Amino acid sequence: MRDGELSAALLDWYDRHARELPWRVAPADGAAGKRPDPYAVWLSEVMLQQTTVAAVRDYFHRFTARWPDIAALASAEDSAVMGEWAGLGYYARARNLLKCARIVAFEMGGRFPGNREALMELPGIGPYTAAAIAAIAFDRPETVVDGNVERVMARLFAVETPLPAAKPDLAALAARLTPLERPGDHAQAVMDLGATICTPRSPACGLCPWLSRCAAQARGIAADLPRRLPKKAKPTRHGIAYLGRRADGAWLLERRPESGLLGGMLGWPSTDWAETPPAEAPPAPGTWRPLEAEVRHTFTHFHLRLALRIAHLPADIAPERGAFVERHAFRPSDLPTVMRKAFDLARGQIGAG
Ligand code: SF4
């Protein structure tokens, strides 16, 4: 098979086996002239930057039920979007999502630009997402390379250079296969092949449209590719969070700095998160009682063990850090997951009503 034949065989397979995804136009509908909704493609791609298709489905349904188009999302309250985003992680992405929605809705007449370069000018859209939106929503011949695609290319061409060093070569190989006809479906087909057939541990080569051309399969090394340099273990960081409640029921919360982890999110005042257990740094004077339970949470680059302290604070207290949020204005759903876990552990002991 030549490269064009590889793509044709893959598209033929995709026409019969494409995954049904809520943001996707099925191949038969595409052939009948239906076009994908760029809003749905963009939203799903931003969500997929950090989690799996299975996890994104629910978030996608909730978002589109509440904000069915770009204009609705652009007009949403920031805190409502952050609340729906909780659990997806990387809150900077949720903030960029809103910024992007507002630019597209209010400055671009509600229409996403249709090419990669212009898409990359928008907040939260990097090279990968721009290529994915341009290919999927606008059928541009862009090459979309994620982990699935890298794995498939490493196997198809038996690339033995370990990741991440092999990335540029794998991207170039993927680009060579991108056709001018139906590039959007081709991009989705390679991803589907990686997700459903050419899976990480035991590829189902017998079902693969590329079986007769696959170099790794011919050499019996498919399941060993792609090779990777050994991963560094994630470090564990330690911190202490302080859950303080005033006599009138208000909660002492602190907004995190805009840049950095959980940037701009509300949370419990806490110490820095360091590799050695930190010294106490309560946000207000008082009797801070330690809880036996601690929060365990894993971020992309480290595990966190967060010890908890609780205190009942007098009505006239002046905190050194943070600000009180009245009991009726406090919504645990506005907190990022790690802070909500702290609340769930402490609520029984400090009174959550
Ligand atoms: S033949 Fe097997 S290893 Fe090769 S691309 Fe297909 S599923 Fe992957």
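Helices (H or I, at least four residues) and strands (E, at least two) are DSSP runs, numbered from the N terminus. The structure is a predicted model, in which local features need pLDDT of at least 70, side-chain atom pairs count only at pLDDT 80 or more, and totals for chains, interfaces and linings use all residues. Residues are numbered from 1 along each chain as its sequence is written, and side-chain values use heavy atoms, with hydrogens and water left out.

**First stop: helix H1**

Select residues 3-17, the 15 residues of helix H1. From first C-alpha to last, H1 reaches 21 Å, close to the 21 Å expected at 1.5 Å a residue (the expected span is 1.5 Å times one less than the number of residues).

Next, colour Leu6, Ser7, Leu10, Leu11, Trp13 and Tyr14, which are buried in H1 (under 20% relative accessible area; exposed is over 50%, partly exposed in between, with a 1.4 Å probe and protein chains only).

Then display helices H2 (27-31), H10 (147-156), H11 (167-177) and H12 (183-196), which are included in what covers the buried residues of H1.

**Second stop: strand E1**

Move to residues 236-246, strand E1; nine of its eleven residues are buried, so the strand is largely enclosed by the rest of the structure.

Gly244 stands opposite Leu252 in E2. In the hairpin of E1 and E2, four residues lie between the strands, and Gly249 takes a positive phi near 95°.

Methods: Contact means heavy atoms within 4.5 Å. Two strands pair if DSSP finds at least two bridges between them.
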